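Please keep the structure open while reading.

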Amino acid sequence: MNRDVIVACDFKDRAATMAFLDKFHEEKPFVKIGMELFYGEGPDIVREIKARGHKIFLDLKLHDIPNTVNKAMKNLGRLGVDMTNVHAAGTIDMMRAALEGLREGSAGQEAMLIAVTQLTSTSQERMQRELLINATMEETVAHYARNTKEAGLHGVVCSPLEAAIVKGACGRDFVTVTPGIRYPDGQLGDQSRVMTPAKARETGTEFIVVGRPITQAEDVVAAYRRVCGDFLG
Ligand code: C5P
């Protein structure tokens, strides 16, 4: 499995996103497009960035009945996304239906399908009290990751601090996509459990998702190169 740095393009609109991407001349970073940009600009934003030669992780976290997710995934597959995701909480049946839809829509291009286990914004206390899940966060993440593997998906999104648990539960080849990347000399923002790109590399994670340390840097290309140098070697 190839490793890569995915740049989280959390910009408010198309213009801000393109202004950022225009700064890259030699590299074509793998970019993550989230709900805000996708719902604001529509599928054309994906087509446009793809046409510029970038790989795309479309982070929409689908969670609905299997039939609906299957049909929605078919459409995302047709858009030519390279990676997209669902909530593992939607059940193994839903994840299987999602994968089938994505495969059909992308017609053999082998887009990667990744599941979200528990959102990092959910604390163990809230998960237990509000969702009535009586296991620990670690047990829940490992269990959802095993379900994801059983459904045939490629891997999960998780904190770099959980990558070892996921690899332990599902094997080294099961892909992890890990946000929460920071340098000691950088701003934490709203992230609390963070790791440097070099440390993340040691966990065996295949993809790191890096937003503000690159997008808010004075020299975004230099910041991207620094992360790539540390993570990819
Ligand atoms: O700017 P920053 O590096 O914190 O961006 C991280 C990206 O990863 C954001 O797009 C954020 O929504 C996403 N993410 C995250 N934690 C998760 C799942 C996704 O930070 N558990």
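The report below takes the pockets, then helix packing, then local backbone features.

## Model

This is a predicted model.

## Largest pocket

The largest pocket has a volume of about 990 Å³. It is lined by 35 residues. Closest to the centre of the largest pocket are Lys 32, Lys 61, Thr 120, Pro 179 and Gln 191. Two or more lining residues come from each of these elements: strand 2 (30-34), helix 2 (35-41), strand 3 (56-62), strand 8 (207-210) and helix 10 (212-215).

## Second largest pocket

The second largest pocket holds about 270 Å³ of space. Its lining has 14 residues. Tyr 183, Gly 186, Gln 187, Arg 212 and Pro 213 lie nearest its centre. Helix 10 and helix 11 (220-232) each give two or more residues to this lining. Helix 11 supplies the largest share, four residues.

By class, the lining of the second largest pocket splits into seven nonpolar, three polar and four charged residues.

## Helix 1 packing

Which residues of helix 1 (residues 14-21) are buried? They are Thr 17, Met 18, Phe 20 and Leu 21. Seen down the axis of helix 1, these buried residues fall within an arc of 155 degrees, so they line one face of the helix. An α-helix has 3.6 residues a turn, so residues three or four places apart point the same way.

## Ser 106 in helix 5

Ser 106 belongs to helix 5 (residues 92-106). Is Ser 106 buried or exposed? Its relative accessibility is 4%, under the 20% cut-off, so Ser 106 counts as buried. Leaving aside neighbours within four places in sequence, Ser 106 contacts Gly 77, Arg 78 and Ala 111.

Thr 91 is not a glycine, yet its phi is positive, at about 90 degrees. Thr 91 sits in the loop between strand 4 (83-87) and helix 5. With 42% relative accessibility, Thr 91 counts as partly exposed.

Leu 132 also has a positive phi, near 55 degrees, and is a residue other than glycine. Leu 132 is in the loop between helix 6 (124-130) and helix 7 (137-150). Its relative accessible area is 67%, so Leu 132 is exposed.

Definitions and conventions:
Residues are numbered from 1 along each chain as its sequence is written. This is a predicted model: local features need pLDDT of at least 70, side-chain atom pairs count only at pLDDT 80 or more; totals for chains, interfaces and linings use all residues. Side-chain values use heavy atoms; hydrogens and water are left out. On a 1 Å grid over the protein atoms alone, a cavity is a set of points where a 1.4 Å probe fits but cannot get out, and a pocket is an open set with protein on both sides within 12 Å along at least five of seven lines; lining residues have an atom within 4 Å of a point. Grid points are joined across faces, edges and corners, and a volume is the space filled by probe spheres set on the points. Ala, Val, Leu, Ile, Met, Phe, Trp, Tyr, Cys and Pro count as nonpolar, Asp, Glu, Lys and Arg as charged, and the others, Gly among them, as polar. Buried means under 20% relative accessible area, exposed over 50%, partly exposed in between (1.4 Å probe, protein chains only). Contact means heavy atoms within 4.5 Å. The arc is that of the directions from the helix axis to the C-beta atoms.
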